[in-house]
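Hello,

Here is the structure I said I would pass on.

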Amino acid sequence: MMNSFNSSVALSQNPEIAEAEVSAQPIQVSGNTVWRWQVDGADASMLQGDCYLQHEGRSISAERILILVDGPIGNVRHRIAAEGVEGSEESPVIWTTTTMADPLVQAPHFRGSPDSAPALLQTLIASTAATTANAATDQIQQVQFSEPIQNGFPDSSLQPPAENVPESPRFYVGGGTQSIEIRGRSASSAITSRTIDRPETGETIIAAQGGVTVLVRDVSATLTDGQMIELGTISLSADRIIFWSPRFVDVFNGSQDLSSGDGELYLEGDIVFRQGERIIYAQSMYYNVAQQRGMVLDAEAITTVPDYQGIVRLKAKVLQQVSAGNFQAFDAAVTTSRMGVPRYWLQSQRLQLTDRQNLTTDPTTGVQRLDRDPFIESNNNFVYVAGVPVFYWPTLATSLQEPSYFVSGVDVGSDSIFGTQVMLDFNLFQLFGIANAPPGVQWELSTDYFSDRGPALGTSLRYDLPGLFGVPGNARGNFDAWGIYDTGLDNLGSDRRDLDPESTLRGRGLLRHRQFLSNDYELIAEVGYLSDRNFLEQYLENEWDQDVDHQTGLRLRKYLGSNLIDLSAQVQTNDFYTQTERLPQLDHYLLGGSLFADRFTYSAHNQVGYSRLNAAELPTNAAEAAEYSPVPGDIDAQGIIASTKHEIALPFELGALKLVPNVAGEATHYGEAVDGDSLTRLVGQAGIRANLPMWRVDPTIQSSLLNVRGLAHKVDWTAEYFFADSDTGRDEVPYYDPLDDNAQEQFRRRFIGDVFGGVLPDRFDPRTYAFRNGIQRGVTSPSDVIVDDLQQIRLGVHQRFQTKRGLPGRERITDLFQFDVDTILFPEADRDNFGENVGPTTYDMRYHVGDRVTLLSDGYIDFFDDGLRSISAGIRSSRPGVGDVYVGLLSIEGPVSSTVLRSTLDYRLNEKWIASAGNTYDFGEIGNVGQSLALTRIGESFLVRLGVNVDSGRDNVGFGFSIEPRFFPRPKLGRVGGQLIPPPGVEGLE
């Protein structure tokens, strides 16, 4: 049955009647036991026992709550039925509300699907169906409320008591700042109470038993802007409660005010204490309402943590609340496990939990709000794993948003390169007991040991702050320093398996900082130091292959509309790599400026500075030096470089055809050219760009087999003619702006000797590749030195086939098939493209068979002799939370020939196991490249990973063993199909 209040709200949320307000706050609901199952595509959750639901500052308590959830993220519908609601005679209470996210459901006991459909479910479905039918057939006028109702949430505390139902007694204490209301623990509870008058102490004692609930409400506070904010409600339930108040006789004769008492309570038997998202279970408890102080014996507290999906449990023999949000626990244990006897916990002799609250302004809505930051400080701490103490530290200070208990990373492994490896990372803020660590900063200590190499030590610092050192403006960056006393040999694969390191003390130091200052300034700083040329490749191979180079420099930028002024300086700290120093350099960019009433667009790049190009030093290892070949442009040069480049374009349209003719000119002076003399280069460029979009929609194309519901074909034709004339060849200018990073440069030096005998042919020069692809066309070219005579025509066609997919009435437009082709034609083929009129040609194809399966293929083709021909094809299937698999074939022909089979797999076998595997095999001369296999055990407390890795190129077989608690703030192991495994307890007891 639905009362008039709730039915009016439910009707107002029918999309055909009125637009529903979508709440940004998720619904939070808890209870002793939860059942979860599916009902007609909706997620059903039924909670029973001490149920508590909270939303947008309002809450209800009930014996049983059922929630049906459906709809996409951003418009999630909740159909709710609550049975045995405290303070409400009607049962069940039913309503509907809409939020942007799914509800947060917490319960210590998880029961899965019920044996039969609950009666409450049938009542809820019948009630909501009747509401929808009435809304569709009757003409409903807008409901008028005497008070604003937020998103249809029923607040029984605001409703008047039903007739003939006595109102629960309410007392005001603490000078009227708090109220105490005593009621039955449930609708069926029969309270028996008696009063004891004590004139000698000036108080009256009320003793109640039979299941009692005490509600302590705070008076609303007024913010600076006049907005009212509720300070919260405390709910205390117990079998027996004793309440001390001023003598009733004195209150009646006016000699005392009832609100002058502190509101002292003593509770005993099956105690449940709730305050916001915090719950405390105990057997005996004393609480002073006015002073918000209390003591609990044999307590267990459960609390949520902002930005953390799980919960935190605190058990203590003695738990004291010394003030609002400030607790002290003695002989305390803290864990995030939901099990009765957890597998891990932090044991402390004395622990203090402070619920720090800061009044902040929501950046989106501008509304003031209270942000919680639970913080603990403790002493004499032991970390227990499986009941065994594994770590001791005298102090701990940390926010529960980082509940890592000192250790932030554990890895153990073994292979033939490093030997046995033990790598431990620690949270330094916690180790040093720093209580006021700035938010947005993580500081860690790395202590590592490699049996075949030596001990290592390092530290890393990551930060994202609103200001730094008193200078306002978002600042973010990282600092990482790591060093090892290396007594082993480097194994880098192929013919570099036993290299003597250039230094015994090896490591790196890296600082990267970026800060946006006031008045549209930006500061960028970087310091990058490496001990030797092979350190990154040996110890941090992924970073070596994928990250940007370690450099040392400073840059200050000023943004002025479409202008950018960039003052930079860069020095060389690693002389074993080729690098250009800027001592300093000033750049000015103007992009898309307007000329002649927006008829023309104007872009420019002006530059002046002193540059010094330093070629890399030879390796000290004789065997490595013998394989070291010079790369193109590997010379020393320095001098002033001054350049100015300008482009004017005239965009216009002829119907659907868009045309952009343009002309550009450049003048550059080099203080030192390749021949050692100064050089001034003049360049003229002109061209025209064209674009023609086309589309067609045919809703009659339908296929259940191909998952097609209508078809839209969108085509974008592109064409460009480009002509450039330079009075200087690109070989006359030093390579001041290199295209390769250090990893590519090091590989190319060995590749030249192994494949070409020490001299790189011009058609495989990276400068030639960039030149043929038109790197000189734009004013923001990454390399201003690669400029020469050039004439080319660029053609492209980019296609999309789109269809609709999804449930009826909730379809979405999605890409079905994508096919892009681009090619370059060279009228001056002998000069520009080694005699071939058709130049670099690329394609990219993707066919989305469904939402989870995609066929992929791409390719690059050069048509001259021994030109690169690369084609790849594969299939990928991804299902978030379940698995991700890819199988593909890569074929390369050109200076080298190779056909490589690549496959990867991440699959969740069941609730407890994840399998990960990878394979790379070359059908050419190389043969087997490598394989990897790992199994991850999903425990209630830990993720345990055991893996093996085979690297045939380095003749290395490695075994790895990793343990990661599921409460780590930055998990590494628990990701399947792009989705993280939730913390323990989010989906019930595991």
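The lining of the second largest pocket splits by class into 17 nonpolar, 17 polar and 16 charged residues. Here Ala, Val, Leu, Ile, Met, Phe, Trp, Tyr, Cys and Pro count as nonpolar, Asp, Glu, Lys and Arg as charged, and the others, Gly among them, as polar.

A word on the model: it is predicted, so local features need pLDDT of at least 70 and side-chain atom pairs count only at pLDDT 80 or more, while totals for chains, interfaces and linings use all residues. Residues are numbered from 1 along each chain as its sequence is written, and side-chain values use heavy atoms, with hydrogens and water left out.

Back to the pocket. On a 1 Å grid over the protein atoms alone, a pocket is an open set of points where a 1.4 Å probe fits, with protein on both sides within 12 Å along at least five of seven lines; lining residues have an atom within 4 Å of a point. The volume of the second largest pocket is about 1,500 Å³, meaning the space filled by probe spheres set on the points, which are joined across faces, edges and corners. Among its 50 lining residues, Gln551, Arg555, Gln570, Arg582 and Pro738 are the closest to the centre. Strand S33 (579–595) gives the most to this lining, with six residues. Helix H8 (742–756) is one of the elements that supply at least two. Helices (H or I, at least four residues) and strands (E, at least two) are DSSP runs, numbered from the N terminus.

Next, the charged pairs. There are 40 salt bridges in the structure, each a side-chain nitrogen of Lys or Arg within 4 Å of a carboxyl oxygen of Asp or Glu.

Which parts does the salt bridge between Arg772 and Asp862 tie together? The two side chains meet at 2.8 Å, N to O. Arg772 lies in helix H9 (residues 766–772) and Asp862 in the loop between strands S43 (853–861) and S44 (869–879), so the pair ties together parts 90 residues apart in sequence. Both residues are buried (under 20% relative accessible area; exposed is over 50%, partly exposed in between, with a 1.4 Å probe and protein chains only).

Arg812 and Asp851 also form a salt bridge, with their closest N and O atoms 2.4 Å apart. Arg812 is partly exposed at 38% relative accessibility, and Asp851 is exposed at 54%.

Finally, a network of salt bridges links Arg453, Asp486, Asp490, Arg506 and Asp532.

Best wishes
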